[in-house]
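Please examine the chain shown below, together with its fold. The paragraphs after it lead from the overall division of the chain to individual residues.

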Amino acid sequence: MAAEQSANGLTNAHTPTFGLASGPITEVHAFWLAGMSCDGCSIAAVGAQQPSVEQLVSGSIPGLPKVVLHHPVLDVEAGEAFIKPYRLARDGKLGAPYVVIYEGSVADERIAAHHGGYWSAMGADHDASGQARPIPTAQWLSDLAPGAAAVMAIGTCATWGGIPAAAGNVTGSMAVMDLLGKDYVSALGLPVINIPGCSPVGDNFTETVSVVLMFLAGVGPLPEFDELGRPAWMFKGTVHNRCVRGGHYEEGVFAQNYGERECLVELGCWGPVVQCNIVSRGAIGHAGGCMNTGGICIGCTMPGFPDAFAPFYKAPPGKTISSLASRAVGSFIRPLRRITQRRSNLTARWNKTGQVPSGWGHVDASGPLFKAVTYFYRKLQYTGAYSPASERQRRLQAEAHSYIGESKRKIEEEAGI
Ligand code: SF4
């Protein structure tokens with residue numbers, strides 16, 4: 001397979017060995033770390049279906065190394081038995097490739113340490129006096145990142161800082177990228193991979209894990225990430241590009257109350273500028289997703305979230321110009337479309353008879369004005385093409401009928417009918 005090259009110069013021309021015996025990578029450890037987190041990212045991940053966490057940890061996806069997941073909530077081990085693989089990886093003694101997954105903001109532990117405490121920790125080391133000292137997850141991140149095949153930040157807190165890093169941030173909370181710095185690359189040469197969202201779409205996460213693992217195993221190309229380390233195929237477009245209400249926006253029809261089916265921009269939707277795929281992918285198993293279920297977009301996947309989108313439920317300033325323009329265009333386009341739609345709801349027979357034999361309700365027969373408009377519409381529609389009623393089409397139909405009639409006659413003759 002030819003080496004793929006991304007915009008930042010990374011290639012998949014090599015398969016990482018991590019100093020291990022040569023041969024295909026069959027297992028990859030995944031060390032999950034939680035910082036200033038609500039555990040929503042973990043919940044989202046375990047709800048993923050394409051692929052599911054169960055498929056990843058059971059190694060049931062062809063070509064994909066099996067994931068050995070170490071997760072503070074999901075792991076069956078507890079205490080030192082749970083921490084041991086983390087220590088082995090930290091000390092370079094794991095003997096297997098690993099990735100690090102960080103959930104939640106990374107707090108500035110120096111602030112907490114100054115007061116003799118910590119913000120987020122997991123496991124403990126003992127100091128010279130034998131005193132157990134909790135190990136901040138930020139410390140685990142710093143220690144594990146250099147040897148990791150990849151570092152993945154899941155959720156908006158880990159990717160950009162999120163709510164703990166909003167205005168008034170007392171914990172010094174920051175993104176994984178902020179802690180590791182611009183020059184960080186993993187053992188595989190990858191900068192931090194970011195899957196934002198509060199909470200993120202679980203499938204976005206597990207799919208990214210899968211494609212990274214395929215790359216890691218040498219069976220897939222380097223996935224395309226954007227300049228902020230987001231999977232480009234998921235986050236290039238905006239919510240608005242994919243929204244089920246986009247047609248209403250385009251025709252200049254806007255909801256004024258929740259529960260209405262039109263575009264939500266006047267209720268405070270930021271979809272036109274927010275990069276996210278939730279409306280096309282759904283929240284879980286292609287079901288749900290903010291605008292699909294009547295909610296506005298508050299920009300939770302974006303680095304500026306939440307401050308840049310506050311106050312929530314107040315329409316964005318830019319909507320005045322854009323919705324006015326949509327209204328103006330829509331007021332012209334909508335009636336034209338309704339005429340075309342009406343014509344599309346009539347069969348050729350009903351057009352001729354001027355009657356629609358539906359028992360469900362009265363449908364108006366075509367009046368002279370409608371007939372005149374559709375006459376010109378048809379003229380335009382078939383300019384440069386053949387209309388279904390043209391001489392050429394009639395001839396083709398006659399040929400088809402005679403050909404089929406011939407075959408029918410032969411079959412009947414053979415059957416002695
Ligand atoms: Fe765009 Fe939001 Fe309206 Fe959907 S609801 S069309 S994302 S502005």
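The model is predicted, and its local features are described only where pLDDT is at least 70. The domain assignment divides the chain into domain 1 (27-233), domain 2 (237-344) and domain 3 (384-417). Taken over C-alpha atoms, the centres of domain 1 and domain 3 are separated by 67 Å.

Strand 2 (residues 66-70) runs parallel to strand 1 and is joined to it by 5 bridges. Within this pairing, Val 28 stands opposite Val 67 of strand 2.

Helix 3 comprises the 12 residues 79-90. From its first C-alpha to its last, helix 3 reaches 17 Å, close to the 16 Å expected at 1.5 Å a residue. Which residues of helix 3 are buried? They are Ile 83, Tyr 86 and Ala 89. These residues lie on the same side of helix 3, because they cover an arc of only 105 degrees around the axis. On the face of helix 3 turned away from its buried side are the exposed residues Glu 80 and Ala 81.

Attention now passes to the ligand. The shell around the ligand contains 14 residues, of which His 240, Cys 243, Cys 263, Cys 269 and Gly 271 come nearest. Two helices, helix 10 (239-242) and helix 11 (246-250), each supply at least two residues of this shell. Sorted by class, the shell has 10 nonpolar, 3 polar and 1 charged residues.

The loop between helix 12 (278-281) and helix 13 (319-344) contains Pro 306, and the peptide bond from Phe 305 to Pro 306 is cis, with omega near 0 degrees. Pro 311 lies in the loop between helix 12 and helix 13 as well. The peptide bond leading from Ala 310 to Pro 311 is also cis, with omega near -5 degrees. His 286, found in the loop between helix 12 and helix 13, has a positive phi near 65 degrees although it is a residue other than glycine. His 286 counts as partly exposed because 13 other C-beta atoms lie within 10 Å.

A positive phi also occurs at Asp 39, where the value is about 75 degrees although the residue is not a glycine. Asp 39 belongs to the loop between strand 1 and helix 1 (40-46). Buried, exposed or partly exposed: which of these describes Asp 39? Asp 39 is partly exposed, because it has 14 C-beta neighbours inside 10 Å.

How values were computed
Residues numbered from 1 in each chain as written. Predicted model: local features only at pLDDT ≥ 70, side-chain atom pairs only at ≥ 80, totals over all residues. Near = placed C-beta within 6 Å. Helix = DSSP H or I, 4+ residues; strand = E, 2+ residues; numbered from the N terminus. Nonpolar A, V, L, I, M, F, W, Y, C, P; charged D, E, K, R; others polar. Domains from an automatic or database assignment. Pairing = 2+ DSSP bridges. Expected span 1.5 Å × (residues − 1). Buried ≥ 20, exposed ≤ 12 C-beta atoms within 10 Å, placed from the backbone. Arc of directions from axis to C-beta.
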